Amino acid sequence: MSRYIQIFQQMSRYEVVDIDADDEVRCYPSAVVGPTFHKELGVDPSKAPSGVSVADFRKMLRSAFGLERATATPSGDRWDIRRRPRLLIISRRTSRGRAFMNERAMADMAGSLGFDVRIGDPDTTSDTSKFARLVNSCDVMVGVHGAGLTNMVFLPAGAVLVQVVPYGRLEWLARNTFAEPSAGMEVHYLEYVVQLDETTLSEQYPSDHLVLKDPMAIHKQGWDALKTTYLDKQNVRPHLGRLKKTFLEALKMLPHGRDD
């Protein structure tokens, strides 16, 4: 509970109670028993109390964590040496799957394009507010499909999310989870789909294996087979040349983007 206490304190005028650590009996005139799920990372204003939206939720988060940037704009008329656009690479441990095997090379390449590069792993810190401030300071966030990309809620409006989609015909999953919600958050969205020669699965299976030749056959085996194979066992090594084009496109999307 302590990890998200700032958010909980925004949701009620009452004191936040940790029921597992409390044996008191409390009486209230009414209670919201559980949240209503509208869609992935989204709110339907027509179904929400007082017509609140994702934009309202993001505003609440900025207030809860004291985030300074509502929009991804440079301090002056344009990006310059004093305020380069900042790019955040969401890092993952290789043992968990979906890690970048060439993370340092990616960072160096992005730096050569003019980005101020940061690398962060949200799972290594229990200080949510600290990581929220890091994300909010960034203009572009890139990561492999996974829970770490939910930190897009802290990005300023006009920022760019680059989702790296693992090999295995997972575009539908990636788009439902993060592509569609990005519009409601006023965040630009780009997608980089991993090819066969960019996945460590090609090192784990023979070239004629179904995992490599026919991913849909694995899909038909159900979610557990799909998740174990393509989400838990796979790490990626994006081609720097192809990824460079995506990063350049992200630069052009930013407010007050500098000319090439």
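1. Phenylalanine 65 is buried, at a relative accessible area of 5%. Buried here means under 20% relative accessible area, exposed over 50%, and partly exposed in between (1.4 Å probe, protein chains only). Phenylalanine 154 is also buried, at 7% relative accessibility. The model is predicted: local features need pLDDT of at least 70, side-chain atom pairs count only at pLDDT 80 or more, and totals for chains, interfaces and linings use all residues. Residues are numbered from 1 along each chain as its sequence is written, and side-chain values use heavy atoms, with hydrogens and water left out.

2. There are 3 aromatic pairs in the structure. Rings of Phe, Tyr and Trp (its six-membered ring) pair if their centres lie within 6.5 Å; planes under 30 degrees apart count as stacked, over 60 as edge-to-face and the rest as tilted. Phenylalanine 65 and phenylalanine 154 are edge-to-face, because their planes stand at 85°, with ring centres 5.6 Å apart. The pair links distant parts of the chain, 89 residues apart: phenylalanine 65 is in helix α2 (residues 54-65), phenylalanine 154 in the loop between β3 (140-144) and β4 (160-165). Helices (H or I, at least four residues) and strands (E, at least two) are DSSP runs, numbered from the N terminus.

3. Phenylalanine 115 and phenylalanine 247 also form an edge-to-face pair, with centres 6.3 Å apart and planes at 75°. Phenylalanine 115 lies in the loop between α3 (103-112) and β2 (116-120), and phenylalanine 247 in helix α10 (residues 240-253), 132 residues apart. Both phenylalanine 115 and phenylalanine 247 are buried.

4. Arginine 242 places its charged end over the ring of tyrosine 192, 4.0 Å from the ring centre. The criterion: NZ of Lys or CZ of Arg within 6 Å of the ring centre and within 35 degrees of the ring normal.

5. Check helix α5 (residues 171-184). A kink of about 30° lies at threonine 177, shortly before proline 181. The bend is the angle between axes fitted to the seven residues ending at a residue and the seven starting there. Threonine 177 and proline 181 are among the buried residues of α5, including also Leu173 and Phe178. Just after α5, glutamate 186 has a positive phi of about 60°.

6. How many residues of strand β1 (residues 86-90) are buried? The count is 5 of the 5, so β1 is largely enclosed by the rest of the structure. Arg86, Leu88 and Ile90 point one way, Leu87 and Ile89 the other. β1 pairs with β2 in the parallel sense over 5 bridges; pairing requires at least two DSSP bridges between two strands. Leucine 88 stands opposite arginine 118 in β2.
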